[in-house]
Amino acid sequence: MPYKSIDKAKSNYDVIVIGSGLGGLTVSNRLARAGHSVLLLEHHHQPGGLATWFKRKGHIFDISLHGFPYGMVKTCRKYWNQAIKDSIVQLKNIVFDNPQFSLKTTFDRHDFSAILRDKFAINQAVIDNFFNTVSGMNFYDDQSMTTRELFDKFFPGRSDVHRLLMEPITYANGSTLDEPAITYGIVFSNFMNKGVFTFQGGTDRLIGMMVDEIEKNGVTVCLNSKVERIVVEKGKVKGVACAGERIISAPAVISNSGITNTIYNLAGTDVFPEDFIQQADQIKINNSSCQVYLGIKKGESFADVGDLLFTSRAPEFDSNELLDMHTSSKTFSIYYPRTRPDNSDYTVVASMNARYEDWAGLDKKDYHKAKEDLINRSVDDLERYIPGIREKCDWLEAATPKTFNRYTLHTRGTSFGTKFEGLNISRSIFKVLPGLFHVGSVGIIMSGWLGAINYGVIVANDVDAFLRS
Ligand SMILES: Cc1cc2nc3c(=O)[nH]c(=O)nc-3n(C[C@H](O)[C@H](O)[C@H](O)COP(=O)(O)OP(=O)(O)OC[C@H]3O[C@@H](n4cnc5c(N)ncnc54)[C@H](O)[C@@H]3O)c2cc1C
């Protein structure tokens, strides 16, 4: 069991990890398995970061368990354990409903090709060429082409096709049509590999299994343990300072806090070279989210309407409309009793992209009113798919960008870290400040459950090499 405070931690370790998101948990696990002593410090009272859940009136609500690509199967088997891998199951009914089209799909290449050919009348050779192009994209590619240019090249003038291809990815990583095409291509082809998957038993079960595994491998986990500062002396990392100025020493510190938090708040700009800070100043923060949680009374049920519903009343795909406080575009994640076989519960989570600025500036009264309105709009929208849902609910609650900021400390409550330029800063931080590493959502590619875990493995290799050198 994780400690409820930092009091039980020793005074020095090989590695200190700040934050227990999926990246922080994975890097801790890999390094402990490689024989290093690891301390994991988490400011919240629950591990998992954005991979989290909360309980109300007997319901368990998942925050970020909406869907991930098949790649999680291999990643969890290789870097976590067989039991975690064995609980990954496919979501087969993905629904789109908007003024341009309504359809149901398994969200994989085979089904998407058939839909593009039969429903959208796109030539098969164009479809094949498009899929081959995006699946051939990788990290080191030319980044000058934008997603808009990519779509215009293959499907000129087809805003309906652009919407089908883009809308789910915008929900998955906050990317827009004007960002490098690889931020779209890598994530889209990951999903197209075999479809959308989830974790049976819910986020609470997954994080519980991960914490059991890291503790078995010797990691010390302390919750309610906020790191106030990364200690740097003579150009090298020496450890961290926690509340009450308690210093814990380590030659390597890995921050799973956001990259901007890490540089500007935890380390401080004066410990980095000037040109590095100039580059860091260019980092753009990704958008945040709003969510509405609906708990269905025990004994109530409804027919299967699909697992993920991408719904919108906007005439066309529009990144700004998706971010608007009053957006009509939302994803409904429907959790049937099969999600948690031990708990015969139905819950629904409505997710929307959102801007921190729109919510942070409201006074208390307006903020509560805006949350109430958000809940009402979401329930009204869901009524179109599940008539009578309002009467079946015994819990309604909303989260806003301020909520995400409060629980994770992320700059402007970002849901997906930073835009593309954050990646290079995250990857090079240990080269300018020996001993300081970063793991966490950057560059869009390293975000999401799969991206965060895989990034944890990459950073663990860097840290292992550093500690052995
Ligand atoms: C609403 C929403 C829905 C999402 N849906 C999906 C989805 O369906 N599929 C998917 O794959 N991804 C989804 N994501 C994204 C995914 O959850 C994240 O990309 C991933 O969990 C981030 O992991 P991370 O390692 O970057 O760390 P984070 O989860 O960001 O965790 C960072 C941790 O560091 C801690 N911390 C920060 N500063 C300090 C400090 N000073 N001291 C101690 N601790 C600190 C925080 O408390 C937090 O626990 C969603 C995200 C959101 C917000």
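The model is predicted: local features need pLDDT of at least 70 and side-chain atom pairs count only at pLDDT 80 or more, whereas totals for chains, interfaces and linings use all residues. Residues are numbered from 1 along each chain as its sequence is written. The protein chain is assigned domain 1 (6-52 + 204-283 + 417-468), domain 2 (54-90 + 285-408) and domain 3 (108-194); such bounds come from an automatic or database domain assignment. Helices (H or I, at least four residues) and strands (E, at least two) are DSSP runs, numbered from the N terminus.

**Ligand surroundings**

- The ligand is surrounded by 39 residues, and the closest are Gly19, Gly21, Gly23, Gly49 and His66. A residue is near a molecule if its C-beta atom, placed from the backbone, lies within 6 Å of it.
- Because domain 1 and domain 2 both give residues to the shell around the ligand, the ligand lies between them.
- At least two residues of this shell come from each of α1 (22-33), β15 (288-296), α16 (401-408) and α18 (448-468). Helix α18 gives the most, with four residues.
- By residue class, the shell holds 14 nonpolar, 23 polar and two charged residues. Here Ala, Val, Leu, Ile, Met, Phe, Trp, Tyr, Cys and Pro count as nonpolar, Asp, Glu, Lys and Arg as charged, and the others, Gly among them, as polar.

**Domain 2 and domain 3**

- The C-alpha centres of domain 2 and domain 3 are 25 Å apart.
- Contact between these two domains involves 13 residues of domain 2 and 15 residues of domain 3. Two residues are in contact if their C-beta atoms, placed from the backbone, lie within 7 Å.
- On the side of domain 2 that touches domain 3, α12 (319-323) and β18 (347-354) are the elements that give two or more residues.
- That side of domain 2 divides into five nonpolar, seven polar and one charged residue.

**Nonpolar core**

- The largest nonpolar core has 132 residues, and Val15, Ile16, Val253 and Ile254 have the most contacts inside it. Such a core is a set of buried Ala, Val, Leu, Ile, Met, Phe, Trp, Tyr and Cys residues joined through C-beta atoms within 7 Å.
- A residue is buried if 20 or more other C-beta atoms lie within 10 Å of its own, exposed if 12 or fewer, and partly exposed in between, with C-beta atoms placed from the backbone.
- Not counting residues up to four places away in sequence, Ile16 touches Leu39, Leu41, Gly239, Val240, Ile248, Ala250 and Val253.

- In α2 (71-79), the residues Met72, Thr75 and Cys76 are buried. They lie on the same side of α2 because they cover an arc of only 95° around the axis, the arc being that of the directions from the helix axis to the C-beta atoms.
- Lys74 and Lys78 are exposed on the face of α2 turned away from its buried side.
- The cover over the buried residues of α2 includes β5 (68-69), α3, β6 (88-91), β9 (196-199) and α18.
- Tyr70 is located in the loop between β5 and α2. It counts as partly exposed because it has 19 C-beta neighbours inside 10 Å.
- Apart from neighbours within four places in sequence, Tyr70 is in contact with Asn193, Lys194, Gly195 and Phe197.
- Trp80 sits in the loop between α2 and α3 (82-86), and is buried because 21 other C-beta atoms lie within 10 Å.
- Apart from neighbours within four places in sequence, Trp80 is in contact with Met210 and Glu213.

**Helix α10**

- The buried residues of α10 (residues 259-267) are Ile259, Thr260, Thr262, Ile263, Leu266 and Ala267.
- Their cover includes β11, β14 (252-255), α11 (274-280), α17 (422-432) and β20 (436-438).
- Gly268, which follows α10, has a positive phi near 95°.

- Most residues other than glycine have a negative phi.
- Ala121, which is not a glycine, has a positive phi of about 55°. It is found in the loop between α4 (109-118) and α5 (124-135), and counts as exposed because it has 9 C-beta neighbours inside 10 Å.
- Lys234 has a positive phi near 50°. It lies in the loop between β11 (227-233) and β12 (236-242), and counts as exposed because it has 5 C-beta neighbours inside 10 Å.
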